[in-house]
Every structure is written in structure tokens, then in C-alpha cells.
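Open the model in your viewer and keep the selection panel at hand. The stops below go from one selection to the next.

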Amino acid sequence: MTIVADENIPALEPLFQRFGTLRTCAGRTMGAEDLEDADVLLVRSVTRVDAKLLSDSAVRFVGTATIGMDHIDQAWLRQQGVGFSSAPGCNADSVVEYVLGSLLQLAFEQRFSLYDKVVGIVGVGNVGGRLQQRLQALGIQVLLCDPPRQQAEGGGFVSLDRVLADADIVALHTPLIQDGPWPTYHLLGRHNLNQLKPNAIVLNAGRGPVIDNRALLDIARMRADLTLVLDVWEHEPEVDPQLAARCAIATPHIAGYSLDGKIRGTWMLYCALCDHLGLPVETVLEEVLPPAQVRALEMSDEHDLLTPARLVYDPYRDDRAFRQMLKLPENARRLAFDRLRREYPERREYGTLRVEMAGAAAGTRLRAMGFSMTENEP
């Protein structure tokens, strides 16, 4: 069996070498010629998987190590009898922690309390749902907008207009849907961006085209009160430097790039391929997750959430690298965007850090954030 995989997928050898020959290539430029002798294809979000890529191949199983599936022509795969699996939820915690870390940093810089803010979550799936859980555990008010879930479940959701009118922070976590009853392409654009509250924060860590980037730039020029946090861009790997310059935090589509999330996604595909082939799962996730470099922190102030959050992940690390990339000539920026993702430094999740604090009731908020807690004697 020959497995062809995106070179940016981690832990490929310990998980997939048991199946046969493993070959890697660049996901962005992967073409039909790379798959002539392939039986299995493993990709990330930058590879479009459809008839053009696979019609002349012998691939019988496709896996994407991502939550999103808008780059996969699932209908065509079904018609051809090709097995398919994604990795739902694999990096959801990573994206949530990107959001939390960014908001904590902005709260510190702009001198506001997150506990006084209303967070509107647009798209309450794997990522949005986990963000909701952590924010509510922290005691922060949320508004939830998810029309498909609202239709299926009823109450508990509000309209997008309500989110724009009442939320201090708008966090977008929808898939990219072009057609159907609830399209998300340009969900925010010239028709509604001006409905944002004064001093609103707009954070997109979902899909770039969910926001009309040109319209967002225009509104940002007119409204200096808005704060933008963008991890995704409408025309990736091309990025509008003028829009990036208007962002408080700007990063190259790496919100879900924790090492834990990426390896979890690879392991989920390993399990799916085992099931497809009728083989037992012989490797557990913990066997391929390395120990974190920083594992423990002793604290005395449970209200200080920013210190442990930044110790695990500082979004400005990625922001600085991204802005340096934008200084390159236009024809070099596309390659540099992908290079930042391909050579992304190790980043772990909050759960890998054990916070030690005195008192049985100490650390309630830190635990709600997702940190592991050890209660010491006061």
C-alpha cells in the first residue's frame, strides 16, 4: 500500500508506516502526478480534493487532518466509492485557546474586563461550542448564532443582526458554505458590518471568505473604534497588507496549529484508516504526543489568567512573524505565508500546563480556562 500525505502533517511515520510505503509532498502544489501509484491520500486544508486530482488515481481512501471539509468534494468521493474521513474537533481546543489568548491580551492592553463583555459566537460547532463552554464557565455572557442548530434544536440562539447589535466581541467559527439555505460566504460585508457596536472586537479564526475583506478594510478605515483579530484571509495565501495593518492581531491561519491538535488529527485519521481496512488500532494518542517543554507553574493569584495563557501560547509571537512576512515583495509573500505554516514552531495547549495553587477553592477560573490544576496546602 502506498500512502501520499501532505508534508505538514505531523507524526506520519509512527502512525502510518505500518501500512506500507509513505511518501510526502507539498499540499499546496499537490497534483494528479503525485498520486499515480497512491492507495491512500492524507491532506490538510490547502489541497483541493476532487475529480481533477483523483480521477486517474487508484486512491480508495482520503483523509483530511482538519475540522473543515470545504476543500473536499465529498459527493464525488461517495460516487466513486472512495472512503473518507475528516478529524472533527481535533484542533478545536487550539482555536479556542487562540481566541482566549488574544482576548486576554486585548483586555490587558485596552484596559477592559472580559467579564463585562458580551461575546457573540457565530457558528456553534466543535470550536464555537467549546468556546461557549469555557466562556460560560468563566462567567462571561455569550450570544449564540447558528441557524442550522436553531432549526434543529429550537431556543437558545439569536439572529446575526442581534449579535452585531448587542455583542462587544464577535467571534466567527463557521465553515465556508457557498450555497444552500445558510450560506456563509461574505456573511459579514457591506450590508451589515456597520451594525457593529461601538468599540466592538471582530475575531475571525474560521474561514477567510466568511468576511468580505475589502468591505472590512473600508469599514475599518471609517471606524477607528473597531478592533480586528484575523487569523484567516479571503484570498490565502495572498493577504492584503493594508487590512493586516488595521488588525490588532494578525496571523497566518495558525489558530488550530497546536502540536496537540495536529497530532490528534493525524491519530484520528490513523484510527479511521484502521477501521476502513478492518485492522485493530494499535497505537494510542499518548504514545505519539511528546511532553511539553513547560509543564508546571506555581501561582498565588487565580485572577491572573494572562500569565499562564501567554506562557503556553503568546499570539504576538505569530503576529510578529506574520508582519515581517508582509514586508516582502508581493510575489514572495505567497510562498512566505505557506512557509510560516510549514515551519511553525512547537505550540502546546493549556491542558499541558499544570498550575499549582494553594487552597481547595483556588484556581476555579484557571480550571475553566483549561489548565490542569494542583491544589497545594495553604
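Leaving aside its neighbours within four places in sequence, which residues is Arg 207 in contact with? Select Arg 207 and show what surrounds it: the contacts are Ser 45, Gly 68, Asp 70, Thr 174, Pro 175, Leu 176, Val 232 and His 253, where contact means heavy atoms within 4.5 Å.

This is a predicted model, in which local features need pLDDT of at least 70 and side-chain atom pairs count only at pLDDT 80 or more, while totals for chains, interfaces and linings use all residues. Residues are numbered from 1 along each chain as its sequence is written, and side-chain values use heavy atoms, with hydrogens and water left out.

**Stop 1: the annotated site**

Stay on Arg 207, in the loop between strand 9 (201-204) and helix 8 (213-222). Helices (H or I, at least four residues) and strands (E, at least two) are DSSP runs, numbered from the N terminus. Arg 207 has a relative accessible area of 15% and is therefore buried; buried means under 20% relative accessible area, exposed over 50%, and partly exposed in between (1.4 Å probe, protein chains only). Draw the distance from its side chain to that of Asp 70: there is a polar contact of 3.0 Å. A polar contact is a pair of N or O atoms within 3.5 Å; within protein, one must be able to donate a hydrogen and the other to accept it, and residues adjacent in sequence count only if both atoms are side-chain atoms.

Centre on His 253, in the loop between strand 11 (249-250) and helix 10 (259-277). His 253 is buried as well, at 14% relative accessible area. Not counting residues up to four places away in sequence, His 253 touches Gly 206, Arg 207, Asp 231, Val 232, Glu 236, Phe 337 and Arg 341.

**Stop 2: the largest pocket**

On a 1 Å grid over the protein atoms alone, a pocket is an open set of points where a 1.4 Å probe fits, with protein on both sides within 12 Å along at least five of seven lines; lining residues have an atom within 4 Å of a point. Of the 44 lining residues, His 173, Thr 174, Pro 175, Leu 176 and Arg 207 lie nearest the centre. Colour helix 5 (126-137) and helix 6 (147-153), which each supply at least two lining residues; helix 6 gives the most, with 3.

**Stop 3: helix 12**

Select residues 315-325, which form helix 12; Pro 315, Tyr 316, Asp 318, Asp 319, Phe 322 and Met 325 are buried there. These buried residues pack against helix 4 (92-110), helix 9 (241-245), strand 11 and helix 13 (330-342). At the start of the helix, a side-chain oxygen of Asp 314 reaches to within 3.0 Å of the backbone nitrogen of Tyr 316.

**Stop 4: Asp 37**

Finish at Asp 37, in the loop between strand 2 (21-25) and strand 3 (40-43). Is Asp 37 buried or partly exposed? Asp 37 counts as partly exposed, at 44% relative accessibility. Show Arg 23 too: a polar contact of 2.9 Å joins the two side chains.
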